[in-house]
Amino acid sequence: QVQLVESGGGLVQAGGSLELSCAASGGIFVVGVAGWYRQAPGKQRELVARITRTGSTNYADSVKGRFTISRDNAKNTVYLQMNSLKPEDTAVYYCHAIIVRGTGQYDYWGQGTQVTVSS
């Protein structure tokens, strides 16, 4: 069974940085498009950044120029480097990936990691 395991969340002061990681494991598969979403209390889950297998990226307007998504296909890992963090970045961050396994494609989500930015 494929699993996405996130790490790297925590508490940071405004202006600080954090890097999130999301590692896929379990069986034989290929990670397709992958991305990070976030959900703040009382708000809907929103896309933060997304990256294709070949490295094309797109970002939410609110994080452009501050966050960078990247991936290491050999390690089945996706990263989110977050710089110049703001209190409004506080949320639970979720990793998402399209996993290609056998003849099918499947949606997978990580368990979420809390990011808290203090002012």
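Me: How many aromatic pairs does a search of the whole structure find?
Reply: A pair of aromatic rings is described by the distance of the centres and the angle of the planes. In this predicted model, searching the whole structure gives 1 aromatic pair.

Me: Over which rings does the charged end of Arg45 sit?
Reply: A charge over a ring is read from its distance to the ring centre and its angle to the ring normal. Here the charged end of Arg45 sits over the ring of Tyr94, 3.7 Å from its centre, and it also sits over the ring of Trp109, at 4.7 Å from that centre.

Me: How do strands S4 and S5 pair, and what is found in their hairpin?
Reply: Strand S4 (residues 30-39) pairs with strand S5 (residues 46-51) in the antiparallel sense, over 5 bridges, and Tyr37 stands opposite Leu47 in S5. Their hairpin has 6 residues between the strands, and in it Gly42 takes a positive phi near 80°.

Me: Which strand is joined to S5 by 3 bridges?
Reply: That is strand S6 (residues 57-59), which runs antiparallel to S5, with Ala49 opposite Tyr59 in S6. S5 and S6 form a hairpin with 5 residues between them, and Gly55 in the turn has a positive phi of about 100°.

Me: Which residues have the most contacts inside the largest nonpolar core?
Reply: This core has 31 residues, and those with the most contacts inside it are Trp36, Val48, Phe67, Leu80, Met82 and Tyr93. Among the elements that give two or more residues to this core are S4 and S5, while the largest share, 5 residues, comes from S9. Leaving aside its neighbours within four places in sequence, Leu80 is in contact with residues including Trp36, Val48, Phe67 and Tyr93.

Conventions: Residues numbered from 1 in each chain as written. Predicted model: local features only at pLDDT ≥ 70, side-chain atom pairs only at ≥ 80, totals over all residues. Heavy atoms only, no water. Pairing = 2+ DSSP bridges. Helix = DSSP H or I, 4+ residues; strand = E, 2+ residues; numbered from the N terminus. Phe/Tyr/Trp six-rings, centres within 6.5 Å; stacked < 30°, edge-to-face > 60°. Lys NZ or Arg CZ within 6 Å of the ring centre and 35° of its normal. Core = buried A, V, L, I, M, F, W, Y, C linked by side-chain atoms within 4.5 Å. Buried < 20%, exposed > 50% of the residue type's maximum accessible area, 1.4 Å probe, protein only. Contact = heavy atoms within 4.5 Å.
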